[in-house]
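Please keep the structure in view while reading.

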Amino acid sequence: MSDLTDSLVDVSSDSFWEVGNYKRAVKRVDDGNRLCNDLMNCLHERARIEKSYATQLTEWAKRWRQLVEKGPQYGTVERAWFALMTEAEKVSDLHMEVKAALTGEDLEKVKNWQKDAYHKQMIGGFKETKEAEDGFRKAQKPWAKKLKEVDTMKKAYHNACKEEKTATSRESSSKLENNNPEAQKKLQEKVEKCQQEVQKTQERYSKSLEELDKVTPQYMENMEQVFEQWQQFEDKRLRFFRELLLGVKQHLDLSSNHKYSTVYHTLEDTLQAADAQEDLRWFRSNHGPGMPMNWPQFEEWSMDLNRTLSRRETKRKHTDGVTLTGISQTTEQTSKASSSSAGTVEKTAADGSDEEAGNPFASANANGNPFEDEPSSAEVCVPVRALYDYDGQEQDELTFKAGDQLMKMGEEDEQGWCKGRLSDGTVGLYPANYVEDLE
């Protein structure tokens with residue numbers, strides 16, 4: 001019987017009904033408060049991720065908008081490319097709204113619920129935890145007291161059985177050894193006394209178990225009531241967490257946000273509007289055979305006659321003192337062409353001599369670079385990186401590959417050209433939109 005009882009105790013040792021095992025239910029109250037803190041930390045970390053992503057999108061859009069603006073892309077495809085940056089900026093704004101909702105609305109909900117549900121005590125811990133502990137202890141106390149009596153009676157009964165078995169063994173050994181009758185009689189009396197003690201402790205043990213059985217139903221009912229009370233408390237927390245997480249989902253789910261869908265509808269419309277034929281026509285009209293042209297015609301000389309400036313002359317027109325543009329031949333000039341042709345030729349030669357004398361590039365060195373003999377400028381040099389390959393078309397233009405680094409010497413002129421110096425010391429001009437400043 002004792003072996004069976006011990007076996008049952010071992011099996012049920014982790015049961016809620018065992019003395020003190022209600023502490024797991026009490027600990028759940030403290031765990032609820034800790035889980036509120038964990039949830040707030042979780043939302044705060046996600047908000048930081050949203051902000052970081054939004055910032056990266058904005059920086060990416062700004063950088064590439066500048067690169068595309070400076071690059072050679074044009075027309076409707078350029079607008080389509082810009083649409084990607086616009087999408088990034090709009091999505092960045094939406095993710096900042098998500099971040100604001102997480103740190104504002106959602107975090108405040110958890111903080112307020114936690115404040116209302118858990119009340120700290122002056123001596124430490126939470127009021128709710130103490131109430132749960134006291135409730136379970138009070139419900140278990142009568143049954144625990146009876147259980148202690150049962151354990152005491154059981155121990156006494158088992159000890160009596162042990163004594164009785166020892167006495168019986170000694171008596172049997174004495175008979176086999178043929179000890180004197182007086183000793184055998186004493187051993188027999190010991191056995192009888194032990195048997196009587198076994199009988200008494202067995203009755204007490206059985207009686208204590210009966211008394212324990214009587215209070216067990218009430219014990220179970222009281223423990224159930226306390227447990228149910230804190231089940232309801234936990235139920236409120238679980239329901240609150242569920243509702244809050246559904247709200248977080250609404251904030252995170254941009255697919256349900258009409259602003260988000262509008263961003264991509266607009267993006268698709270812009271991309272669909274890209275028209276290769278339209279762009280080709282635009283390029284033909286602005287940079288191809290479709291451009292207007294002042295074809296060369298006979299020009300009569302006059303004091304205020306202007307001629308077309310080359311790019312280099314345009315850069316230094318403030319030093320030449322003469323502005324030249326292409327002038328169409330007039331009817332009056334045509335009528336005088338035969339009589340003044342010789343004079344025109346002489347003036348042209350004279351103009352050529354004047355230009356050569358006043359040309360700062362006439363003293364270019366043997367390598368043909370007119371900048372190497374110029375005195376050093378006080379302008380600040382800025383390091384830049386080539387975005388595209390460029391092959392110089394004239395002697396004073398630089399040649400470089402995409403990715404090469406050079407020094408920008410001075411600001412971009414009105415024609416879109418800059419003066420720069422390559423790593424090997426070569427100085428010349430280059431188109432400003434072919435490079436970007438190094439950060």
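## Aromatic rings

In this predicted model, tyrosine 22 and phenylalanine 136 are both buried. They are part of a cluster, held together by ring pairs, that consists of Phe16, Trp17, Tyr22, Phe136, Trp143, Tyr219 and Phe227. Ring pairs occur elsewhere as well, and the count of aromatic pairs comes to 21. One of them joins phenylalanine 16 and phenylalanine 227, whose ring centres are 5.5 Å apart and whose planes meet at 65°; because an angle over 60 degrees counts as edge-to-face, the pair is placed in that class. Phenylalanine 16 belongs to the loop between α1 (2-11) and α2 (23-70), while phenylalanine 227 belongs to helix α5 (residues 181-252), so that the pair links distant parts of the chain, 211 residues apart.

Phenylalanine 227 has a relative accessible area of 26% and is therefore partly exposed. The rings of tyrosine 22 and phenylalanine 136 have centres 5.4 Å apart and planes at 15°, and since planes under 30 degrees apart count as stacked, this pair is stacked. It too links distant parts of the chain, with tyrosine 22 in the loop between α1 and α2 and phenylalanine 136 in helix α4 (residues 127-177), 114 residues apart.

## Two residues of helix α5

Arginine 237 lies in helix α5, and its charged end sits over the ring of phenylalanine 241, 4.8 Å from the ring centre. Is arginine 237 buried or exposed? Its relative accessibility is 6%, and because buried means under 20%, arginine 237 counts as buried. When its neighbours within four places in sequence are left aside, arginine 237 is in contact with Gly32, Leu35, Trp113 and Tyr118.

Glutamine 202 also lies in helix α5, but with a relative accessible area of 31% it is partly exposed. Although glutamine 202 and cysteine 161 are 41 residues apart in sequence, their C-alpha atoms are 9.2 Å apart in space.

In soluble globular proteins, nonpolar side chains tend to be buried together. Here the largest nonpolar core has 39 residues, and those that touch the most other members are Leu43, Val110, Tyr118, Phe136, Trp230 and Leu244. At least two residues of this core come from each of α2, α3 (75-117), α4 and α5, and α5 gives the most, with 12 residues.

Beyond its neighbours within four places in sequence, tryptophan 230 is in contact with Arg28, Val29, Glu128, Glu131, Ala132 and Phe136. A second core, separate and made up of 13 residues, includes Val384, Tyr390, Phe400 and Ala432.

## The whole chain and its confidence

The protein contains 11 helices and five strands, and of its 439 residues 28% count as buried. Among the contacts with a separation of 6 or more, 68% are between residues 24 or more positions apart. The protein exposes about 29,200 Å², of which carbon and sulfur atoms supply 52%.

The mean pLDDT is 82, and 79% of the residues reach 70 or more. Over residues 1-11, however, the pLDDT is below 50, and this stretch has five contacts in the model beyond near neighbours in sequence. Residues 305-377 also stay under 50, and for them the model has 77 contacts beyond four places in sequence. Where pLDDT is low, the predicted coordinates should not be read in detail.

Methods:
Residues are numbered from 1 along each chain as its sequence is written. This is a predicted model: local features need pLDDT of at least 70, side-chain atom pairs count only at pLDDT 80 or more; totals for chains, interfaces and linings use all residues. Side-chain values use heavy atoms; hydrogens and water are left out. Rings of Phe, Tyr and Trp (its six-membered ring) pair if their centres lie within 6.5 Å; planes under 30 degrees apart count as stacked, over 60 as edge-to-face and the rest as tilted. Helices (H or I, at least four residues) and strands (E, at least two) are DSSP runs, numbered from the N terminus. Buried means under 20% relative accessible area, exposed over 50%, partly exposed in between (1.4 Å probe, protein chains only). A charge sits over a ring if NZ of Lys or CZ of Arg is within 6 Å of the ring centre and within 35 degrees of the ring normal. Contact means heavy atoms within 4.5 Å. pLDDT is the predictor's confidence in each residue, from 0 to 100. A nonpolar core is a set of buried Ala, Val, Leu, Ile, Met, Phe, Trp, Tyr and Cys residues joined through side-chain atoms within 4.5 Å. Accessible areas come from the Shrake-Rupley method with a 1.4 Å probe; for residues, only the protein chains shown count as cover.
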